[in-house]
Amino acid sequence: MKAIVVGGGVIGASIAYSMSQGGAEVTLVEAGRVGAGTSSTSYAWVNACEKLTSRAYFELNWAGVRSHCKLAEEFEGANWLHRPGVVQWQDAGAEAAGFDEGDFDKFERLREWGYPVEKIDAQTLAELEPDIDLGTFNEDGALYYPEDGWLDGPVYAGAMVAAARARHSLKVVKGKVTGLLVRGGAAAGVTLENGETIEADVVVNSAGRWANEVVGNPEHELPLAPTVGLIAYTVSCDTSLRHGLRTPLVNCRPDGAGRILLRANDIDKGVPADADPVPSNPAAQKLLSRVKKLMPTLKGVHVEAVRTAIRPIPKDGYSAIGPHPALSNYYVTVTHSGVTLAAFIGEGVASELVHGRDVAEFSAFRPSRFF
Ligand SMILES: Cc1cc2nc3c(=O)[nH]c(=O)nc-3n(C[C@H](O)[C@H](O)[C@H](O)COP(=O)(O)OP(=O)(O)OC[C@H]3O[C@@H](n4cnc5c(N)ncnc54)[C@H](O)[C@@H]3O)c2cc1C
């Protein structure tokens, strides 16, 4: 089988790796740099504990977490997956999890569904994260996910592409896809901006938030409801922060070499799509002042860099993974939570397209629901 994968983010790179491993002759077409799209500007929390709005969505993400763990074990020296644990004392209630019922208990739900979670008090938090001002903590305690963590998207995507090139026959083409090549009602390849065409038996669209720009035909577009995210990075500092934290002030985690990555949902809501990604950006400065409240030891630390990104979200908020109903040989993978899902989507797409075996976890998330 000859396959084209459009887009080398965490998802396209995973698919290119797994399909190559399965014996397909894969061409990965990437307009920019592998891993430099939304995958490079992500909180990248690898989790299923925030995906409780449906059992199917939880199971999909839980499969995602397990796939990442398994894949990292298979790669000697895998350096992209970090799992020190995550502490949450914001949005652990019903409303944030997408439920109306007041008696929804996130801890109980996660235990029932088999997710590693513990309840911790202020004393345990102080042991886990000594720099936190306990005055900012919640009387009700927090949820601690001891096996959660995050993934360095560009490092992971780069490793998948390098492995598929070295061990299998992956070809990487730098170019922008401007349309699908359609023959007899089926996708037969892609057209590039420079006029070249590449032919294949199947085309997989993994261009994330740009997925509709790839198709060149409004009939094949997917309805999307993208949102803007802003991330600020502190300078390297002598922080003792080790875990991911989801707090009412800010979500933060280590980002290597003493840098701390900062974001907050409520701040994101006020960020325009054309926000200037500079350290003086007011949203970034607000994140900084909040993290200093959370950890007063950060006094004197400043923002070194800011990035903004658009989340690739299908219109109903859930993943779109599967064949396009209006065009044979054309397969779509557009989703939020893509960092969590990448390895599993890679394996699953290879299972469906190379081996002809449907993946049960994908069944509730087919793009056909939109057409
Ligand atoms: C602020 C923020 C926080 C997030 N937090 C989390 C989180 O905690 N956990 C989680 O799991 N997910 C999170 N996400 C979502 C996650 O980052 C994305 O779902 C994921 O990165 C999408 O990966 P992708 O491979 O689909 O897209 P991308 O990484 O954007 O890759 C798409 C690639 O396609 C290429 N491309 C585009 N157009 C073309 C074209 N015409 N021709 C060729 N190539 C093209 C681009 O250059 C790019 O490299 C977050 C996102 C944001 C913005």
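Student: How do the axes of helix α1 and helix α5 cross?
Tutor: In this predicted model, the axes of α1 (residues 10-21) and α5 (residues 153-167) come within 9 Å and cross at roughly 25°. Axes are lines fitted to C-alpha atoms, for helices over the stretch in contact, and angles run from 0 to 180 degrees between N-to-C directions. Helices are DSSP runs of H or I with at least four residues, and strands are runs of E with at least two, numbered from the N terminus. That makes α1 roughly parallel to α5 (under 35 degrees counts as roughly parallel, over 145 as roughly antiparallel, 65 to 115 as roughly perpendicular and the rest as oblique).

Student: What can be trusted here, and how are residues numbered?
Tutor: Residues are numbered from 1 along each chain as its sequence is written. Local features need pLDDT of at least 70, side-chain atom pairs count only at pLDDT 80 or more, totals for chains, interfaces and linings use all residues, and side-chain values use heavy atoms, without hydrogens and water.

Student: Which residues of α1 meet α5?
Tutor: They are V10, A13, S14, A16, Y17 and S20, where contact means heavy atoms within 4.5 Å.

Student: New topic: in what order do the six strands of the open sheet come?
Tutor: The order is β9-β2-β1-β13-β20-β19, with mixed pairing; two strands pair if DSSP finds at least two bridges between them. The edge strands, β9 (171-174) and β19 (320-323), each pair on one side only.

Student: How do β13 and β20 run?
Tutor: They run parallel, joined by three bridges. V204 stands opposite Y331 in β20.

Student: Which strands does α1 touch?
Tutor: Packing on the sheet, α1 touches β1 (2-6), β2 (25-30), β13 and β20.
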